[in-house]
Amino acid sequence: MDAIRCENVTVRRGPVTAVHGLSVTIPQGRITGLLGPSGCGKTTLLRSIVGTQKNVRGTVTVLGEPAGSPSLRRRVGYVTQAASIYTDLTVVQNVRYFATLFGAVDGVDEALRAVDLTDRADHLAADLSGGQLSRVSIACALVTEPSLLVLDEPTVGLDPVLRADLWSRFADLAASGVTILVSSHVMDEADRCDDLILMRDGGLVAHLTPRDLRERTGCDNLEDAFLALIQGRAA
């Protein structure tokens with residue numbers, strides 16, 4: 001069974017068509033990178049997949065259910081660009097709160113270790129940096145042990161060491177069967193993905209592996225390869 005299936009998805013936001021006629025299938029147990037320039041529709045597509053986007057036309061199926069179905073709430077973890085946590089609670093209280101909602105209290109310590117926040121567990125979220133707040137959001141998503149983890153630019157503001165640690169964690173999760181869909185506009189992260197979905201102006205440019213992207217364009221650098229593809233210079 002595919003983890004995600006989008007069929008002819010179109011989303012209008014006011015006068016703007018943020019996503020138009022997009023169809024794509026994402027397999028289970030792999031890391032799929034959703035890449036493209038800012039404003040190309042990545043976040044709108046992610047919101048359509050997790051069921052929080054209004055005015056979605058077409059069909060979005062997630063883990064065999066319509067996107068946004070109540071049965072998916074425990075099975076889908078979602079990390080937004082802006083940290084979605086309670087700033088008047090401590091780090092561990094935030095993670096424990098989400099763990100309690102889904103009966104996953106035994107995973108609190110491991111979730112904190114995964115994002116390197118054990119030493120900040122008792123700090124108020126209001127006192128954290130932007131990068132630390134993002135890490136708390138990731139921990140809150142990880143603690144529920146989801147079957148599908150949807151991450152909207154999760155490494156923005158993080159230092160290179162922590163970025164590498166998080167990607168290692170994502171790889172371990174995928175190896176255990178978790179499907180990961182992660183958006184980014186940083187092309188050097190594309191090499192850490194099994195598959196790539198490339199978007200521009202609300203549409204699908206390509207769905208392929210990093211190796212296939214290089215072979216198709218004749219470019220070794222993935223940023224150059226993406227530019228070659230969208231500019232119609234692919235071999």
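Visitor: What stands opposite L148 in β8?

Guide: That's T179. This is a predicted model, by the way. L148 belongs to β7, residues 148-152, and T179 to β8, residues 179-184.

Visitor: What makes β7 and β8 a pair?

Guide: Two strands pair if DSSP finds at least two bridges between them. Five bridges join β7 to β8, so the pair meets that cut-off. The two strands run parallel.

Visitor: Which sheet do they sit in, and in what order?

Guide: An open sheet of six strands, ordered β6-β7-β8-β3-β9-β10, with mixed pairing.

Visitor: Why are β6 and β10 called edge strands?

Guide: Each of them pairs on one side only. β6 covers 76-79 and β10 covers 203-208. From one strand to the next, the twist averages 15°.

Visitor: What lies across β9 and β10?

Guide: Helix α6, residues 210-217. The helix runs at about 105° to β10, while β9 takes in 195-200.

Visitor: What is the order of the sheet of four strands?

Guide: β2-β1-β4-β5, another open sheet, with antiparallel pairing. Here β2 and β5 (65-66) are the edge strands, each pairing on one side only.

Visitor: How do you know that β4 and β5 pair?

Guide: Two bridges join them, and the cut-off is at least two, so they count as a pair. They run antiparallel, and T61 stands opposite P66 in β5.

Visitor: How many bridges does β1 make with β4, and how many with β2?

Guide: With β4 (residues 56-62), β1 pairs over six bridges in the antiparallel sense; there, C6 has V60 as its bridge partner.

Visitor: What makes β1 and β2 a hairpin, and where is the positive phi?

Guide: Two residues lie between the strands, and R13 has V16 as its bridge partner in β2. The positive phi, about 65°, is at G14 in the turn. Across β1, β2 and β4 lies helix α1 (residues 42-50), at about 120° to β1.

Visitor: Which residues of helix α2 are buried?

Guide: V91, V92, N94, V95, F98 and A99, in a helix that spans residues 91-101. To be called buried, a residue has to be under 20% relative accessible area.

Visitor: Why do you say the buried residues of α2 line one face?

Guide: Looking down the helix axis, they fall within an arc of 160°, so they line one face of α2. In general, an α-helix has 3.6 residues a turn, so residues three or four places apart point the same way. The cover over the buried residues of α2 includes α3 (108-114) and α4 (130-142). After α2 comes G103, with a positive phi near 65°.

Visitor: Where does UniProt place its domain feature?

Guide: The unreviewed entry puts "domain: ABC transporter" at residues 4-226. Over that stretch the chain is 31% helix and 28% strand, with the end C-alpha atoms 24 Å apart.

How values were computed
Residues are numbered from 1 along each chain as its sequence is written. This is a predicted model: local features need pLDDT of at least 70, side-chain atom pairs count only at pLDDT 80 or more; totals for chains, interfaces and linings use all residues. Side-chain values use heavy atoms; hydrogens and water are left out. Axes are lines fitted to C-alpha atoms, for helices over the stretch in contact, and angles run from 0 to 180 degrees between N-to-C directions. Contact means heavy atoms within 4.5 Å. Buried means under 20% relative accessible area, exposed over 50%, partly exposed in between (1.4 Å probe, protein chains only). The arc is that of the directions from the helix axis to the C-beta atoms. UniProt positions are given in the numbering used here, feature names are shortened, and annotations may be inferred rather than shown by experiment.
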